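Please consult the sequence and the structure before reading each solution.

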Amino acid sequence: MRRRMVFSTLVVTVITVMLLGLPLGALTYKLVHDESSRQLQGEAELIGAESDSMLELHGEIDLAEFDRTYPDRFIRITPAGEASTVTAGNPALNPEEPDAPSLLRQTALTSDGTRVEVWAEADAVQQSVVQAWMGIASLSLLAIGVAVGLSMFQARRLTLPLVDLAATAERLGSGVASPWGHRYGIPEADRVAEVLDRSAERIAGLIATERHFATDASHQLRTPLTALTMRLEEIIAESENPEVVREESEAALAQTERLVETVESLLGRARKSQNPEVEPVELDPVLNHIQAEWSPVLQQEQRRLLVTGDPGLTAMTVPTDLSQILATLVENAYKHGAGTVTIRRLDTGQSVRIEVSDEGDGVPEHLSGRIFEREVSGGGGTGLGLALARHIAESEGARIELVQTQPTTFALFLPAGAGGLTKMTGPV
């Protein structure tokens, strides 16, 4: 393609130069000849005027003066009323000589009747014409060279996007979905590149979702499975007490239902078919359930779980997601913290804030800025919980922040409950 573009540009340039150069050369030839003729005609008229002055003052013509003034001309003067002529200048330019060169001739007749003929060598004129033609040819070659250079540059500029776009498409086909990010200053090619980059980003997102689904699912399912295991162990331990068995069986059934909801939530988020539907959720039942679920676990470590703050708050969220986020924060405090774990709920007006804190040593400074990144853990963890919790929160218009490192305090900010609304698609 580059060769065809350069060749076509060269052909067009050569034709253009010929269409302009040939008439310009002919015009230059005519102009040089006309200028030389005018100059020679002026010299003839000047010589005639000087000859009349010499005849009037001295009665004769000073030919030596003309020899000195016009050494490269041959001059023939015929005074008025005389049949004889006199000559001056360069005798080699005499047109009557057999070996005389090509000559230009101009004639002038003065007011007194003196006739003057002047000859000049035509080779000088031809030399001027050739020099002018050489200048035109040089400019033409320069124009052709510039055109070829520009065509090569433009051909490379136009074909480079095609090469890059083909390489990008090949990379996408081979599973390398990182955006190329190249732009070429050509609107059409840039639009195609932008579309490919957006496609690469979408493909990368889908691949990342598939890769992370297994780890996210295992992490999210671990908590309800652990709680379910604890209930079943309690049933086995109290198998002779029907009341305890019934109570623990109901709790185990609730954990099983929660496990099903968690699986459905994970599948829906993996497919990304739609945004979650948020709804006004009363926080007290959710927090009480978290307290009932985790208090036995913390009591085994001689620790407590307290729920404090403003009661009766409502927030726009998804109940299952809220339980998963809070369970992740409490589990993080249980594994990496110490002492009492406190869940505090506050009404800030525009939002509802739920803080989860413990009495441990806090988050190391080198991890505070990266605590929500995947596979970043303070030790002994998978590094998935906080990253997944933040992802779930952001998908429905909430957010999680590390508001204090010592002692560790995480804050979940939820949109305040919208009065009169039942459900709406998040994020709000």
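**Exercise 1.** Classify the relative direction of helices α7 and α9, and describe their contact.

*Solution.* In this predicted model, α7 and α9 are roughly antiparallel to each other. This follows from the crossing angle: the axes of α7 (residues 319-336) and α9 (residues 385-395) cross at roughly 155 degrees, and angles over 145 degrees count as roughly antiparallel. The two axes come within 10 Å. Next, the handedness: α7 passes α9 in a left-handed crossing. Finally, the contact: from α7, the residues Asp321, Gln324, Ile325, Thr328, Leu329 and Asn332 take part, and they meet Gly385, Leu386, Ala389, Ile392 and Ala393 of α9. These contact residues comprise six nonpolar, four polar and one charged.

**Exercise 2.** Determine which parts of the chain the salt bridge between Arg345 and Asp284 ties together, and state the burial of each partner.

*Solution.* The closest N and O atoms of Arg345 and Asp284 are 3.1 Å apart, and the cut-off for a salt bridge is 4 Å. Arg345 belongs to strand β8 (residues 341-347) and Asp284 to helix α6 (residues 283-299), so the pair joins parts 61 residues apart in sequence. Arg345 is buried, at 8% relative accessibility, whereas Asp284 is partly exposed, at 21%.

Key:
Residues are numbered from 1 along each chain as its sequence is written. This is a predicted model: local features need pLDDT of at least 70, side-chain atom pairs count only at pLDDT 80 or more; totals for chains, interfaces and linings use all residues. Side-chain values use heavy atoms; hydrogens and water are left out. Axes are lines fitted to C-alpha atoms, for helices over the stretch in contact, and angles run from 0 to 180 degrees between N-to-C directions. Helices (H or I, at least four residues) and strands (E, at least two) are DSSP runs, numbered from the N terminus. Angles under 35 degrees count as roughly parallel, over 145 as roughly antiparallel, 65 to 115 as roughly perpendicular and the rest as oblique. A crossing is left-handed if the near helix is turned anticlockwise from the far one by less than a right angle, and right-handed if clockwise. Contact means heavy atoms within 4.5 Å. Ala, Val, Leu, Ile, Met, Phe, Trp, Tyr, Cys and Pro count as nonpolar, Asp, Glu, Lys and Arg as charged, and the others, Gly among them, as polar. A salt bridge is a side-chain nitrogen of Lys or Arg within 4 Å of a carboxyl oxygen of Asp or Glu. Buried means under 20% relative accessible area, exposed over 50%, partly exposed in between (1.4 Å probe, protein chains only).
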